[in-house]
Amino acid sequence: MTTIADPKAPRPPKPRPARLTTRGNTELYGWVFMRASGVILLVLIFGHLFVNLVAGEGVSAIDFGFVAGKWASPFWQVWDLLMLWLAMIHGTNGVRTIINDYAERDGVRLALKASLYLAFVVVVVLGTLVIFTFDPCPSGSPADLLPSFCTA
Amino acid sequence: MWSWVAHRVTGVAIFFFLLVHVLDTSLVRISPEAYNDVIATYKNPIMGIGEAGLVAAIVFHAFNGIRIILVDFWAKGPKYQRVMLWVVMGLFVVTMAGFLPRHLMHVFGGE
Ligand code: HEM
Ligand code: HEM
């Protein structure tokens with residue numbers, strides 16, 4: 001006759017996962033963020049592409065004067081700032097998932113993620129500074145390159 | 001399955017584009033001449049086609065992303081996920097049909 005083990009018998013320790021990625025609910029918040037930011041990005045990016053590629057003369061109209069004309073308005077400054085931050089967080093988080101999926105070796109994974117986070121910081125800081133310190137009418141520049149409202 | 005691969009590939013492609021895009025846009029802080037010179041080198045048919053490809057990647061990623069969200073949050077989402085993939089492809093074709101002629105017109109001259 002076989003005996004069934006006493007349910008209170010000590011259990012073998014749970015096998016530890018081969019590698020620990022996160023603790024707590026961070027992954028869940030990331031998952032929710034990907035969806036929430038995706039919906040907002042759809043509006044922001046489609047708007048960006050429409051104004052810059054479809055409306056008026058499309059791409060052929062883009063030059064310094066075009067950018068200055070847009071960033072003279074706080075509306076487009078806020079639009080671009082939101083787009084910059086949301087797209088960079090969404091994209092960085094997405095690429096992080098992909099690195100976790102394919103880079104098996106610890107060293108490689110670490111190096112890839114370090115470069116990813118470095119690129120994130122550089123691009124977000126640079127992009128934010130550019131929007132906030134932009135001068136549509138830099139002194140000493142030829143007037144024909146500047147937007148028409150720079151006549152002073 | 002292929003839609004999942006395409007979603008990944010387009011996501012990564014857009015990400016790398018964005019890195020370069022913020023760098024070139026930052027030239028506006030150096031001088032109007034620096035920005036205009038670099039943008040001028042973009043104004044050729046090859047880049048124009050590249051822009052069309054980028055827009056195609058975004059349009060697919062965006063519509064398919066909405067489909068993923070609906071599969072996750074809408075009670076009937078999983079049941080209709082295949083139908084929604086057809087809707088994504090339909091919307092993709094319609095959007096690109098609206099965009100491409102106008103963009104190519106801007107790129108290849110005319111007005
Ligand atoms: C070929 C397509 C595109 C063209 C021609 C284009 C053009 C431009 C131009 C002219 C600006 C200067 C400011 C403005 O117009 O608002 C700009 C800024 C910006 N664009 Fe685009 N864009 C394109 C696609 C995209 C895409 C797909 C994204 C998002 C993934 C994006 C994200 C941004 C961001 C975040 C800024 C602000 C950069 C900063 O903070 O310095 N753009 N773009
Ligand atoms: C246009 C609006 C957008 C929508 C609606 C959208 C939606 C989504 C959704 C729902 C996911 C799935 C996340 C998951 O499975 O947990 C995702 C993944 C991803 N997205 Fe986006 N996204 C958009 C724009 C962007 C942009 C601008 C970038 C690049 C800067 C980007 C890069 C990625 C990447 C790299 C992934 C990871 C793919 C994977 O894990 O297989 N997305 N997106």
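**Exercise 1. Polar contacts across the interface**

Task: In this predicted model, how many residue pairs are in polar contact across the interface of chain B and chain A?

Solution: 
- Step 1. Keep pairs in which both residues reach pLDDT 80 or more.
- Step 2. Count them across the interface of chain B and chain A: the rule finds 9 residue pairs in polar contact.
- Step 3. Locate the side of chain B that touches chain A. The elements giving two or more residues to this side are α1 (2–25), α2 (32–42), α3 (45–73) and α4 (81–107) of chain B.
- Step 4. Find the largest share. α3(B) supplies it, with 12 residues.
- Step 5. Sort this side of chain B by residue type: 22 are nonpolar, 7 polar and 8 charged.

**Exercise 2. Salt bridges**

Task: How many salt bridges does the rule find across the interface of chain B and chain A? Check the pair D72(B) and R35(A) against the cut-off.

Solution: 
- Step 1. The rule finds 2 salt bridges across this interface.
- Step 2. Take the pair of D72(B) and R35(A). Their side chains meet at 2.7 Å, N to O.
- Step 3. The cut-off is 4 Å. The pair D72(B) and R35(A) counts as a salt bridge because 2.7 Å is within 4 Å.

**Exercise 3. Extent of the interface**

Task: What area do chain B and chain A bury between them, and what percentage of it is on carbon and sulfur atoms?

Solution: 
- Step 1. Interface size is often given as the accessible area lost when the parts come together.
- Step 2. Read off the area. Chain B and chain A bury about 3400 Å² between them.
- Step 3. Carbon and sulfur atoms carry 74% of the buried area.
- Step 4. On chain B, 37 residues are in contact with 45 residues of chain A.

**Exercise 4. Is T128(A) buried or exposed?**

Task: Classify T128(A), then list what T128(A) touches.

Solution: 
- Step 1. T128(A) sits in helix α4 (residues 106–133) of chain A.
- Step 2. Apply the cut-off. T128(A) has a relative accessible area of 16%, so it is buried, the limit being under 20%.
- Step 3. Leave out residues up to four places away in sequence. T128(A) then touches L81(A), L84(A) and W85(A).
- Step 4. Look at W85(A). Its side chain and that of T128(A) are joined by a polar contact of 3.1 Å.

**Exercise 5. Aromatic pairs**

Task: Which kind of aromatic pair do F75(A) and W76(A) form?

Solution: 
- Step 1. The whole structure holds 10 aromatic pairs over all chains.
- Step 2. F75(A) and W76(A) lie 5.0 Å centre to centre, with 85° between the planes.
- Step 3. Planes over 60 degrees apart count as edge-to-face, so this pair is edge-to-face.
- Step 4. W76(A) is buried, at 18% relative accessible area.
- Step 5. Elsewhere, ring pairs link F64(A), W71(A) and F134(A) into a cluster.

Definitions and conventions: Residues are numbered from 1 along each chain as its sequence is written. Chains are lettered from A and ligands numbered from 1 in the order in which they are written. This is a predicted model: local features need pLDDT of at least 70, side-chain atom pairs count only at pLDDT 80 or more; totals for chains, interfaces and linings use all residues. Side-chain values use heavy atoms; hydrogens and water are left out. Contact means heavy atoms within 4.5 Å. Buried area is the accessible area (1.4 Å probe) that two parts lose on being put together, summed over both. A polar contact is a pair of N or O atoms within 3.5 Å; within protein, one must be able to donate a hydrogen and the other to accept it, and residues adjacent in sequence count only if both atoms are side-chain atoms. Helices (H or I, at least four residues) and strands (E, at least two) are DSSP runs, numbered from the N terminus. Ala, Val, Leu, Ile, Met, Phe, Trp, Tyr, Cys and Pro count as nonpolar, Asp, Glu, Lys and Arg as charged, and the others, Gly among them, as polar. Rings of Phe, Tyr and Trp (its six-membered ring) pair if their centres lie within 6.5 Å; planes under 30 degrees apart count as stacked, over 60 as edge-to-face and the rest as tilted. Buried means under 20% relative accessible area, exposed over 50%, partly exposed in between (1.4 Å probe, protein chains only).
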